[in-house]
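Start with the helices, then turn to the cavities.

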Amino acid sequence: MDIKALRYFTELVRQQNFTRAAEALFVTQPTISKMVKQLEDEIGSPLLIREGKSFHLTDAGRVVYQRGQDVLAAQLRLNSQLAELAELARGELVVGLPPMTGGAFFAPVVGAFRDRYPNVELKMVEDGARAIESSVRNGLLEIGAAVLPVDNAVFESLSLVRDRLCLIAPTGSPWHGMSSVTLLDIADRPLVFYPEDFSLSARITDAFRLLGKSVHIAGRSAHWDFIAAMVEARLGIALLPEVVASHLEPHRFDVVPVDEERIMWHIGLIWKKDSYLSHAARAWITLTREILLPGH
């Protein structure tokens with residue numbers, strides 16, 4: 001049904017006069033007559049019967065007028081809600097964040113987003129980078145943080161940080177005071193490791209394998225603070241990104257950079273190429289770039 005024709009017909013019935021309706025709509029009387037005729041042709045039934053300069057509604061006309069008001073009111077609400085979404089006065093955004101990066105890296109973005117767009121409900125889904133990549137690929141998530149590189153034929157990405165890994169050991173360890181270590185330096189030591197589905201798990205395991213070594217796993221966790229707690233309890237050593245390790249208290253841990261290019265921690269935002277991005281998601285990308293990549 002033509003919404004414009006419905007609006008003209010509804011206003012005509014409300015005004016009960018072609019002249020007043022034309023003035024209210026800023027059109028000519030013939031335009032209103034044309035729109036009413038168009039609506040009648042579409043419905044297949046006359047809507048009004050003219051009697052000189054006045055008219056009265058047919059049964060079909062009364063139904064169209066009554067229901068037409070509901071349709072026009074619904075359209076007004078729809079336009080209003082769409083405008084609110086465009087202005088980020090309401091809405092929802094779900095962002096996938098790996099546990100390793102959420103609190104340590106994205107906390108400033110989360111705080112700024114809540115301050116700037118208080119009426120947009122922000123939800124964080126914690127999962128491994130591989131799982132987030134899969135969810136974005138399958139349309140279950142609109143945007144998320146993942147380990148780069150990703151398939152450029154599928155994803156758009158925004159590189160945020162390329163960080164080396166650091167050895168984390170209890171203070172007073174054999175590596176205390178060293179400027180760097182290699183994987184061979186820590187081979188055969190028990191390691192507090194990541195879950196199997198984490199991208200870093202595969203990269204670290206592959207790097208050890210190239211040296212003819214295997215990873216001796218003392219425990220696993222997806223959360224850096226629990227990994228640090230297990231290290232402090234002397235369950236084993238760990239490998240954490242430098243930006244995460246910087247949050248540890250230096251008097252409790254020895255933190256030594258690992259000299260190994262193959263296991264760099266490269267994190268970025270990803271979203272599906274050539275797919276619709278909500279206003280909220282675009283705002284998240286803009287704010288992330290503004291806060292984490294100032295001057296870029």
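In this predicted model, helix H6 meets helix H12 through side-by-side lists of residues. H6 contributes Pro108, Val109, Val110, Ala112, Phe113 and Arg116. From H12 come Ala280, Ala283, Trp284, Leu287, Thr288, Glu290, Ile291 and Leu292. The contact is made up of 11 nonpolar residues, 1 polar and 2 charged.

How do the two helices cross? H6 spans residues 107-116 and H12 spans residues 279-292. Their axes come within 10 Å, at a crossing angle of roughly 125 degrees. H6 and H12 are therefore oblique to each other. Their crossing is right-handed.

Now the cavities. The whole structure holds 2 cavities of 30 Å³ or more.

| Cavity | Volume |
|---|---|
| Largest cavity | about 80 Å³ |
| Second largest cavity | about 50 Å³ |

Which residues line the largest cavity? They are Pro98, Met100, Thr101, Ala129, Val147, Tyr194, Phe198, Ser199, Leu200, Trp265 and Ile267. Helix H5 (99-105), helix H9 (199-210) and strand E12 (265-272) each give two or more residues to this lining. By type, the lining has 9 nonpolar residues, 2 polar and no charged.

The second largest cavity has its own lining: Ile186, Ala187, Asp188, Arg189, Leu191, Phe208, Ser214, Val215 and His216.

How values were computed
Residues are numbered from 1 along each chain as its sequence is written. This is a predicted model: local features need pLDDT of at least 70, side-chain atom pairs count only at pLDDT 80 or more; totals for chains, interfaces and linings use all residues. Side-chain values use heavy atoms; hydrogens and water are left out. On a 1 Å grid over the protein atoms alone, a cavity is a set of points where a 1.4 Å probe fits but cannot get out, and a pocket is an open set with protein on both sides within 12 Å along at least five of seven lines; lining residues have an atom within 4 Å of a point. Grid points are joined across faces, edges and corners, and a volume is the space filled by probe spheres set on the points. Helices (H or I, at least four residues) and strands (E, at least two) are DSSP runs, numbered from the N terminus. Ala, Val, Leu, Ile, Met, Phe, Trp, Tyr, Cys and Pro count as nonpolar, Asp, Glu, Lys and Arg as charged, and the others, Gly among them, as polar. Axes are lines fitted to C-alpha atoms, for helices over the stretch in contact, and angles run from 0 to 180 degrees between N-to-C directions. Angles under 35 degrees count as roughly parallel, over 145 as roughly antiparallel, 65 to 115 as roughly perpendicular and the rest as oblique. A crossing is left-handed if the near helix is turned anticlockwise from the far one by less than a right angle, and right-handed if clockwise. Contact means heavy atoms within 4.5 Å.
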